[in-house]
Amino acid sequence: MRTEHLTEEEVQQYALDAADSGSTQPPAPISGSTEATAHLESCAQCQARVADYRWLFAGIRQQPRPSFEGNLAAMVVAQLPPPKLRFSWSAFFVTLLIIDGAGGIAIGCYLFRADLAALFAGFSYAFGYLIAVAVTTVILFQSLDMYIKHQKKMRSLDF
Ligand SMILES: [Zn+2]
């Protein structure tokens, strides 16, 4: 008879075998290990360890198994937000506005080219600089305002 206690694996194997067979006593011998079985029959300490594991395994078996009944993929897809439209109307309208504005300015410049030339011919550099600064500032603030409004609208749409 062997003197050392059962290893952790042997103890667990005995506990599992006993749980599978449904019997309480005696533990079924592990294949090819009659020495371990002989030790277990005479060692209270190892029997207690086996009993602990059997109690543990029984508890695990009583736990409700996690079940994925039905079509899991379909359930996940149902939880996903609906796909967004790839076509962005806001981008479309912004582009349209830019083209429209640029076109309008170009057509205006072309139609009134003679008047514009006469207008700028009389300007001093200081006055031209002032106008350029004013126009740039207005455009900058308008663009910023438009951008902020656009962001707000997109945020209210995006959920
Ligand atoms: Zn032992």
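**View 1. Helix H3 of the predicted model, from end to end.** H3 has 19 residues and runs from residue 44 to residue 62. The distance between its first and last C-alpha is 27 Å, close to the 27 Å expected at 1.5 Å a residue. Confidence in this predicted model is highest in H3, where the mean pLDDT is 91.

**View 2. The buried and exposed sides of H3.** The buried residues of this helix are Arg49, Val50 and Arg54. They lie on the same side of H3, because they cover an arc of only 140° around the axis. The other side of H3 carries the exposed residues Ala44, Gln45, Ala48, Asp52, Trp55, Gly59 and Gln62. An α-helix has 3.6 residues a turn, so residues three or four places apart point the same way.

View 3. Arginine 54 is part of helix H3. This arginine counts as buried because 20 other C-beta atoms lie within 10 Å, and 20 or more are needed for that label. Aspartate 17 is 37 residues away from arginine 54 in sequence, yet their C-alpha atoms are 9.3 Å apart in space.

**View 4. The largest nonpolar core.** Eight residues form this core: Leu6, Val11, Tyr14, Ala15, Ala18, Ala36, Leu40 and Val50. Helix H1 (8-21) and helix H2 (34-42) are the elements that give two or more residues to the core. H1 supplies the largest share, with four residues. Val50, a member of the core, is also one of the buried residues of H3.

**View 5. Contacts of valine 11.** Neighbours within four places in sequence are left aside here. Valine 11 is then in contact with Leu6, Cys46, Arg49, Val50 and Tyr53.

View 6. The protein has seven helices and zero strands, in the order α-α-α-α-α-α-α along the sequence. Of its 159 residues, 8% count as buried. Among contacts with a separation of 6 or more, 60% join residues 24 or more positions apart. The average pLDDT is 83, and 87% of the residues score at least 70. Confidence is lowest in helix H6 (residues 113-121), with a mean of 80. Where pLDDT is low, the predicted coordinates should not be read in detail.

Terms used: Residues are numbered from 1 along each chain as its sequence is written. This is a predicted model: local features need pLDDT of at least 70, side-chain atom pairs count only at pLDDT 80 or more; totals for chains, interfaces and linings use all residues. pLDDT is the predictor's confidence in each residue, from 0 to 100. The expected span of a helix is 1.5 Å times one less than its number of residues. A residue is buried if 20 or more other C-beta atoms lie within 10 Å of its own, exposed if 12 or fewer, and partly exposed in between; C-beta atoms are placed from the backbone. The arc is that of the directions from the helix axis to the C-beta atoms. Two residues are in contact if their C-beta atoms, placed from the backbone, lie within 7 Å. A nonpolar core is a set of buried Ala, Val, Leu, Ile, Met, Phe, Trp, Tyr and Cys residues joined through C-beta atoms within 7 Å.
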